[in-house]
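Please keep the sequence and the structure in view while reading.

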Amino acid sequence: MTPNTLSWWRNGEEDESKSSASSSLMAVLATVLAVFIVFYLFRRTKNGARLLPPGPRGLPLLGSLPFLGSDLHVSFAELARTYGPVMSLRLGAKLCIVLSSPEAVKETLRDQDAIFANHDVPVVALVQTYGGKDMTCAPYGPQWRMLRKVTMRQLLSPATIDGLSVMRQGEIWRMVEEIRGKAGQPVNLRELVSAATFNVTMVMLWGASLAHKGEERDALGREFGKAVEDMVDLLGAPNISDFYPALAWLDLQGLVRRMRRFLLLADRIFNSVIEERLMMMESCREGDPAAAMDKKNRDFLQVMLDLVQNPEPQAPMTMDNTKGLLQWAMAELLNDPERMKTTQAEIAAVVGEGNAVEEVHLPRLRYLDAVVRETLRLHPVLPLLVPRRPSTTCTVAGYRIPEGTKVFVNVWAIHRDPQVWENASEFKPERFLHEAGTVDYSGNTFRYLPFGTGRRICPGISLAERMVMFILASLLHSADWTLPAGVALISTRSLGL
Ligand code: HEM
C-alpha cells in the first residue's frame, strides 16, 4: 500500500466521516422539523383540540371572498353541505367559523356562553355607536351589564311597554284609516309597513314631543326615516375594512365617512328633541299642567332622561328589524290565500267584524302567533345572528377555534335543515300549533333561534312580538288583501332582506 494509496484511503476516511457527520446533522434537522410539524399539527388547546374545522381553501389574500354570493347565509349553507356543521374559512384576512347545526350552537353558545359573549362588531357599527358604546356593540363586561340591566328594568320593562300601548294604538289606527281610505286601489305594502313600523317606533321613542305637531311631525318623521334607512343599509354593506382590518384606516369605500354624516344629522335631531323635552320638563316644574307627562305613559326618551339624563337612546333603532318580518309575513300569506283566510277568520272571530284590533286581543290570536313564528323560521331577520368573537382559544366539536375569530351562527340554515324540520322549506304555521310550548323564542331550543341565544339574546323580544302581532292583525283586519292582477307569487328573495 503506497502513501498515496494510504492518503486516498485517509481522504476517503475523512470524506466518509464528513459525509456521515452531515447525514447525522440532516437526520437531526429532519427530526427537529418532523417534531415541529407534528407539534404544530397536533398542538392542542387546553381542551385538547388540534385542528381548525374543515373548510374551503380559498385564494391567497382573498380567501373565499370571490366565491360567495351576496346572501352570505345561503353560500355558507351550501358550503356546509360539503364541509359539515362546524366549518372554517377565510374572508380576506379574517378567519371565520360557521356553525350550522343545533348541536354545534349548543356546544358553543350554551356550554361556552361566557367565551362567546362578545359580538364581533363591524367597523361602521363601531362608528355608529361612538366607539361601541351601545349594548349590541359593547364588549361583554361591566358597561354591557349596566346597559342590559337598565334596558330590561326600565326601557323594556313590562310597565313601560304596557304604558306605551295607547301611543302605539293611535299610530296603528291612523294606518288602518289610511288603508280603508284606499279600498280597491293598489297599495305599496312595503312603504305602508315601513311607515307604520317607523311611526310606532318614533312615538315610543319621543311620542310626547310629537303630539299636537301635525305637519312638522310628519316632516321630522320623513327626514329621520330616510336617514335611518340609509344608516341600516350602511350597517349591512360588506366592508373591505372588516375583511382587512389593517386597511381600515383608509376607509376605501367611504362607509365610515357616510356613517359620520348620518351621526351629525341624528345628533341634530336628537338634540332638538331633547332640548324641547327639557323645556317641557322645566315648564312642568313651574306648574304648567299641559306640560306634565303621565308617569305611566312615559316614552323612552322620558325614561332615559328620568334615569340618567342620557342623550342617546339607541337600542330602539333595532326596531327596524320588525319591518322586515312584517313584510315577509304578508308576502307568505299573499302567496297562500287559504292560510290568509284562516288568519283573517281568527282575527274577525276574536276582534269582531267592524271593531278595531287592540293589544288586549293579541294573546287570543293563536294562529296569527303561529304565522309570525313560521315567518321567523323561514326568514330570520338576522340570518347569521350578530357574529360572535371568542375571548379565548377553545374547542368546538373537537376542532380548535382560535381567540378573536369571527363566528357566524347560520340560523337560516338550521331553520331550513330537513334533518331538523319536517317539510323544512314549506310555509306551514300549523307546525307551531302542534309544537306549542316546545319551540319558543327563549333560545333554549337550539333548532329555533330567531332572537339568538345565551347572554346576548335579544332583549326586545316581548316588544317586538307585541308590535308585529298588533300591526299584522290590524293590517289583515283592515282589508281583504290580494296580489295585483298578473302577479302570481312574491319571490321569497324579492324583499331583498
Ligand atoms: C322582529 C324583531 C327582532 C328580531 C328578529 C331581533 C333579533 C335579534 C337578534 C338575533 C339579536 C342577536 C342575538 C345574539 O347575538 O344571540 C338581537 C340583539 C339585540 N336586539 Fe333584537 N330583534 C328584534 C327586535 C328588537 C327590538 C324591538 C329591540 C329593542 C327595542 C331589540 C334590541 C336588541 C338589542 C339591544 C340587542 C343586542 C343585545 C346584546 O348585545 O346584549 N331588538 N336581536
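This is a predicted model: local features need pLDDT of at least 70, side-chain atom pairs count only at pLDDT 80 or more; totals for chains, interfaces and linings use all residues.

In which loop is the place of C458? C458 sits in the loop between helix 17 (430–434) and helix 18 (461–478).

**Iron site**
- The ligand's iron atom has a single donor from the protein, the SG atom of C458, at 2.3 Å.

**Chain as a whole**
- The protein chain contains 18 helices and five strands.
- Of its 497 residues, 48% are buried.
- Among contacts in the protein chain with a separation of 6 or more, 74% are between residues 24 or more positions apart.
- The protein chain has an accessible surface of about 25,500 Å², and carbon and sulfur atoms account for 57% of that surface.

**Nonpolar cores**
- The largest nonpolar core comprises 86 residues, and the residues with the most contacts inside it are M175, W206, F224, L475, L476 and W481.
- A second, separate core has 17 residues, including V86, L109, F116 and V396.
- Apart from neighbours within four places in sequence, L476 is in contact with M330, L333, M340, T343, Q344, I347, L368 and W481.

**W249**
- W249 belongs to the loop between helix 10 (240–243) and helix 11 (255–285).
- W249 counts as exposed because its relative accessibility is 71%, and the cut-off for exposed is over 50%.
- A polar atom of the W249 side chain lies 3.2 Å from the backbone oxygen of A246.

Note on methods
Residues are numbered from 1 along each chain as its sequence is written. Side-chain values use heavy atoms; hydrogens and water are left out. Helices (H or I, at least four residues) and strands (E, at least two) are DSSP runs, numbered from the N terminus. Buried means under 20% relative accessible area, exposed over 50%, partly exposed in between (1.4 Å probe, protein chains only). A polar contact is a pair of N or O atoms within 3.5 Å; within protein, one must be able to donate a hydrogen and the other to accept it, and residues adjacent in sequence count only if both atoms are side-chain atoms. A nonpolar core is a set of buried Ala, Val, Leu, Ile, Met, Phe, Trp, Tyr and Cys residues joined through side-chain atoms within 4.5 Å. Contact means heavy atoms within 4.5 Å. Donors are N, O and S atoms within 2.8 Å of the metal (3.2 Å for Na, K and Ca); water is not among the atoms, so sites may look incomplete. Accessible areas come from the Shrake-Rupley method with a 1.4 Å probe; for residues, only the protein chains shown count as cover.
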